[in-house]
Amino acid sequence: MKEIDRFIQIKTNNLKPSKGRLLISEPFMGDYYFGRSVVLLAEHNNEGSFGVIMNKPVAAEFNEVLKDFPEFNAPVFLGGPVETDSLFYIHTIGENLEGAIEIMNGLYWGGDIDSLREMILLKTVEPKDIRFFIGYSGWSADQLQNELKRNSWVIAKVPRTKLMRMDPMTMWDKILDNLGGNYKYWSKFPIDPNMN
């Protein structure tokens with residue numbers, strides 16, 4: 001256990017949280033939502049932060065979640081513990097979807113839902129262009145900063161093209177491996193350290 005503690009206690013990297021960056025959870029975070037999660041920050045400012053969990057797909061299909069939409073085979077994910085009765089989305093459609101807000105180069109948050117319904121109906125958007133999330137993740141003004149000081153998260157940057165193509169089931173491991181150093185060992189730790 002001492003060796004595991006040595007790796008967990010390393011200081012997080014020098015990247016600061018900002019819109020478009022990722023929060024990668026430390027390996028023993030036992031939270032239902034955030035355990036081994038990758039959170040894309042859609043916003044980060046003095047008032048707080050919010051984003052969506054990128055690597056927790058749900059079993060429900062899009063048309064089971066939004067029954068009044070045309071048939072569409074886009075992935076649906078667990079976005080976080082806030083507003084779990086609402087659906088949020090990120091996409092690469094850009095300004096073609098009115099009201100969309102750019103998160104990073106080529107990746108957008110939200111937009112007019114009626115316009116999106118029409119784009120799906122006209123087949124001008126493909127499932128690979130968009131991801132839907134049940135709920136979102138949010139932090140009050142200093143909450144995220146305090147969690148970073150406790151080394152609950154490490155911050156990473158991944159280009160939009162790579163992020164949208166990554167397999168959600170291996171995303172957490174791959175990003176940690178790419179960070180290198182001691183972080184690559186995080187993905188090797190068992191979920192329950194007593195099982196080591």
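Okay, let's start. Keep in mind that this is a predicted model.

Cores first. The largest nonpolar core has 29 residues. Which of them touch the most other members? Leu-22, Ile-24, Leu-40, Met-54, Ile-90, Leu-163 and Ile-175. Now look at helix α6, residues 171–179. That helix gives the most to this core, with four residues.

Let's zoom in on Ile-24. I'm skipping residues up to four places away in sequence. What does Ile-24 touch beyond those? Ser-37 and Val-38, to begin with. Then Ser-152, Trp-153, Val-154 and Ala-156. Then Trp-172, Ile-175 and Leu-176. Ile-175 is on the list of core members with the most touches too, as is Ile-24 itself.

Next stop, Val-52. You'll find Val-52 in strand β3, residues 48–53. Buried or exposed? Val-52 has a relative accessible area of 0%, so it is buried. Its contacts, again leaving out neighbours within four places in sequence, include Val-38, Val-39 and Leu-40. Gly-79, Ile-90 and Trp-109 are in contact with Val-52 as well. One distance to check on your screen: Val-52 to Phe-77. They are 25 residues apart in sequence. In space, C-alpha to C-alpha, they are 8.7 Å apart.

Now the rings. How many aromatic pairs does the structure hold? The count is 14. Take Phe-62 and Phe-69. Their ring centres are 5.6 Å apart. Their planes sit at 85 degrees, so this pair is edge-to-face. The cut-off for that label is over 60 degrees. Phe-62 is buried, at 1% relative accessibility. Phe-69 is buried too, at 8%.

Another pair: Tyr-183 and Trp-186. Centre to centre, 5.2 Å. Between the planes, 80 degrees, and again edge-to-face. Both residues are buried. Both lie in helix α7, residues 183–186. They are three residues apart there, so about one helical turn separates them.

Back to Phe-62 and Phe-69 for a moment. Which residues do ring pairs link with them into a cluster? Phe-72, Tyr-89 and Phe-132.

How values were computed. Residues are numbered from 1 along each chain as its sequence is written. This is a predicted model: local features need pLDDT of at least 70, side-chain atom pairs count only at pLDDT 80 or more; totals for chains, interfaces and linings use all residues. Side-chain values use heavy atoms; hydrogens and water are left out. A nonpolar core is a set of buried Ala, Val, Leu, Ile, Met, Phe, Trp, Tyr and Cys residues joined through side-chain atoms within 4.5 Å. Buried means under 20% relative accessible area, exposed over 50%, partly exposed in between (1.4 Å probe, protein chains only). Helices (H or I, at least four residues) and strands (E, at least two) are DSSP runs, numbered from the N terminus. Contact means heavy atoms within 4.5 Å. Rings of Phe, Tyr and Trp (its six-membered ring) pair if their centres lie within 6.5 Å; planes under 30 degrees apart count as stacked, over 60 as edge-to-face and the rest as tilted.
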